Amino acid sequence: MSELYFRQWLAGRDVAHDDPLAAGMANYVYVIGDRATGEAVVIDPAYAPEEIVAAVRDDGLDVVGVVATHYHADHVGGSLMGRPIAGVVQLLETCDVPVHVQRTERPWVERGTGLSASSLVEHDDRDRLLVGGIEVTLVHTPGHTPGSQCLVVEDRLVSGDTLFLEGCGRTDLPGSDPEEMYRTLQSRLATFDGAMRVFPGHRYHPAPSAPLSTLRQENPVLQPLEREEWLARYS
Ligand SMILES: [Fe+2]
């Protein structure tokens with residue numbers, strides 16, 4: 001019997017609490033694991049990777065992998081406007097585990113972090129990752145970056161910078177594509193049940209998560225819109 005372990009930690013508060021950059025960026029770090037087998041993967045372990053691994057171990061689980069929602073330094077480490085952020089490279093110095101990335105994002109993660117290709121495992125849309133007995137589905141959601149991916153575990157959608165509780169990720173950054181973001185938000189995510197709970201990549205809203213059905217009512221980027229109108233408003 002598997003038993004879901006799910007954690008949402010706010011960088012700058014729950015981890016890396018003395019890091020003003022982390023506090024300013026308000027990134028969420030997620031951990032998905034199986035309490036029964038003691039295995040866990042960390043999603044977007046930026047700012048304080050050693051502390052994150054230690055916190056998972058304190059909860060009685062071992063980190064067996066990392067999943068990157070996308071290549072940005074505030075999610076996987078690297079340089080953010082000249083300021084270094086610790087991330088997957090430092091985590092791998094603590095525990096040598098695979099880093100799961102969407103296939104299209106692999107070269108971006110390599111460039112941004114300096115991680116070697118041998119540490120990265122490429123995934124396609126809807127690949128399933130088994131964490132102990134817990135099944136995690138990786139969903140390719142391009143737009144914010146070419147290989148952004150969301151994670152689905154049970155009734156939860158970990159949405160990275162693809163979808164926030166208000167708005168969506170920027171589409172004016174290197175590798176961004178407003179047209180793909182339109183298709184992601186209006187088509188790809190439209191397949192998911194409204195009862196799913198969305199856990200975003202940043203705390204841009206006081207609530208830590210919200211049902212997808214609520215976002216479909218309240219988040220303007222999910223309102224049904226023709227392509228031209230959506231692009232005129234949000235790109
Ligand atoms: Fe991002």
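Colleague: What share of the contacts in the protein chain with a separation of 6 or more comes from residues 24 or more positions apart?

Modeller: That share is 61%. Keep in mind that this is a predicted model.

Colleague: Why is Val-31 called buried?

Modeller: Val-31 has 22 C-beta neighbours inside 10 Å, and the cut-off for buried is 20 or more, so Val-31 passes. Val-31 belongs to strand S2. Skipping neighbours within four places in sequence, Val-31 is in contact with Tyr-5, Arg-7, Ala-40, Val-42 and Val-56. As for Asp-44, 13 residues away along the chain, its C-alpha atom is 9.1 Å from that of Val-31.

Colleague: And why does Gln-186 count as partly exposed?

Modeller: Gln-186 has 17 C-beta neighbours inside 10 Å. Buried takes 20 or more and exposed takes 12 or fewer, so Gln-186 falls in between and is partly exposed. You'll find Gln-186 in helix H6, residues 178-188. Pro-224 is 38 residues from Gln-186 in sequence, yet their C-alpha atoms are 7.0 Å apart.

Colleague: Which residues have the most contacts inside the largest nonpolar core?

Modeller: That core has 63 residues, and the ones with the most contacts inside it are Val-29, Ile-32, Ala-40, Val-42, Ile-43, Tyr-47 and Ala-68. Strand S2, residues 28-34, gives the most to this core, with five residues. Take Ile-32: leaving out neighbours within four places in sequence, its contacts include Phe-6, Ala-40, Ile-43, Val-136 and Val-153.

Colleague: How do you know that the buried residues of H2 line one face of the helix?

Modeller: The buried ones in H2, residues 49-58, are Pro-49, Ile-52, Val-53 and Val-56. Looking down the axis of H2, they fall within an arc of 95°, so they line one face. The buried residues of H2 pack against S2, strand S3 (39-43), strand S4 (62-67) and helix H4 (88-94). After H2 comes Gly-60, with a positive phi near 90°.

Colleague: How do you know that S9 and S10 pair?

Modeller: Two strands pair if there are at least two bridges between them, and strand S9 (127-131) and strand S10 (134-140) have five, in the antiparallel sense. Among the details, Leu-129 has Val-136 in S10 as its bridge partner, and Asp-127 stands opposite Leu-138 in S10. S9 and S10 form a hairpin with two residues between them, and Gly-132 in the turn has a positive phi of about 60°.

Colleague: What makes S9 an edge strand?

Modeller: Six strands form an open sheet in the order S9-S10-S11-S12-S13-S14, with mixed pairing. S9 and strand S14 (210-211) each pair on one side only, and that makes them the edge strands.

How values were computed: Residues numbered from 1 in each chain as written. Predicted model: local features only at pLDDT ≥ 70, side-chain atom pairs only at ≥ 80, totals over all residues. Helix = DSSP H or I, 4+ residues; strand = E, 2+ residues; numbered from the N terminus. Core = buried A, V, L, I, M, F, W, Y, C linked by C-beta atoms within 7 Å. Contact = placed C-beta atoms within 7 Å. Arc of directions from axis to C-beta.
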